[in-house]
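Try each task before you read its solution.

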Amino acid sequence: MATFHPTNQRKVPICEVNPHIVCPLCAGYFIDATTIAECLHTFCKACIVKHFHYHNTCPTCGVKAHDTQPLQSLRADHTMQDVVFKLVPNLQLEEARRTAEYKQVHGLELPNETSASASTCAAEVATHIPLNDECLSLKIEKHPDWEEDQRFVKPLDHVYIRCSAHTTFLHLRKYLTQRLSVPPIFEVELLCNNIVLHKDYTLEFVWLAQWQKKQPPLLIHYRLRVQYG
């Protein structure tokens, strides 16, 4: 049996690995690596979302994603992103720095954030906010066309919440049903941009599909409807 010695290890140049960790659309290293479920090809999330605004096929192999909602075929590839950050020195820190600079330029920092330098902000982001555990801010309001009846529901005490981007609207419906003390004859219906949201949609999907070019928080409206059956 051959004995393994550390000296037998071969250092692999990064150029040999690049074809597996570079986005075909932007030719840069994967950022928020995202995979198409139908064919398992991977891209930067921003790149493939932009592509799916105009096409519903994979840019690499041409396989068709969802007929009408191709974003439903996207899956976050956290394993691939972790590999990229481990293989490419300082990539995670540089991405955090660019994110911090973007927030400063566009005035997206929270009111209690300090005016520290971009490098300091980047270090804080990389240390305290894991890039693969993204959270989204929501504002939940009653639908403007729904005449709220105080006999049926309580006022919502917290209209701003923050939760995982992978949260589904089924979870959110259950949360609101409890917080509003909704009677059993009713069910909560959730909308974004006046579009009724399916219970299996995630917050990330709705953000990308309905809110990508708008400022946070993601605005969700609720209303009650009678349950039949």
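Helices (H or I, at least four residues) and strands (E, at least two) are DSSP runs, numbered from the N terminus. The model is predicted.

**Exercise 1.** Describe the second largest pocket: its space and its lining.

Solution. 
- Step 1: take the volume. The second largest pocket holds about 310 Å³ of space.
- Step 2: list the lining. It has 15 residues, and the closest to the pocket centre are Leu71, Leu74, Arg75, Thr202 and Phe205.
- Step 3: find the elements. Strand 3 (74–76) and helix 7 (203–210) each give at least two lining residues.
- Step 4: sort by class. Seven lining residues are nonpolar, four are polar and four are charged.

**Exercise 2.** Classify the one aromatic pair in the whole structure.

Solution. 
- Step 1: recall the description. A pair of aromatic rings is described by the distance of the centres and the angle of the planes.
- Step 2: apply the cut-offs. Centres must lie within 6.5 Å; planes under 30 degrees apart are stacked, over 60 edge-to-face, the rest tilted.
- Step 3: decide. The ring centres of Tyr201 and Phe205 are 4.7 Å apart and the planes are at 55°, so the pair is tilted.
- Step 4: check accessibility. Tyr201 is partly exposed at 21%, whereas Phe205 is buried at 11%.

**Exercise 3.** How many disulfides does a search of the whole structure find?

Solution. 
- Step 1: set the cut-off. The two cysteine sulfur atoms must lie within 2.5 Å.
- Step 2: count. The search finds zero disulfides.
- Step 3: Cys44 is buried, at 5% relative accessible area.
- Step 4: The nearest cysteine sulfur, that of Cys163, is 7.4 Å away. Cys135 is partly exposed, at 32% relative accessibility.

Definitions and conventions
Residues are numbered from 1 along each chain as its sequence is written. This is a predicted model: local features need pLDDT of at least 70, side-chain atom pairs count only at pLDDT 80 or more; totals for chains, interfaces and linings use all residues. Side-chain values use heavy atoms; hydrogens and water are left out. On a 1 Å grid over the protein atoms alone, a cavity is a set of points where a 1.4 Å probe fits but cannot get out, and a pocket is an open set with protein on both sides within 12 Å along at least five of seven lines; lining residues have an atom within 4 Å of a point. Grid points are joined across faces, edges and corners, and a volume is the space filled by probe spheres set on the points. Ala, Val, Leu, Ile, Met, Phe, Trp, Tyr, Cys and Pro count as nonpolar, Asp, Glu, Lys and Arg as charged, and the others, Gly among them, as polar. Rings of Phe, Tyr and Trp (its six-membered ring) pair if their centres lie within 6.5 Å; planes under 30 degrees apart count as stacked, over 60 as edge-to-face and the rest as tilted. Buried means under 20% relative accessible area, exposed over 50%, partly exposed in between (1.4 Å probe, protein chains only).
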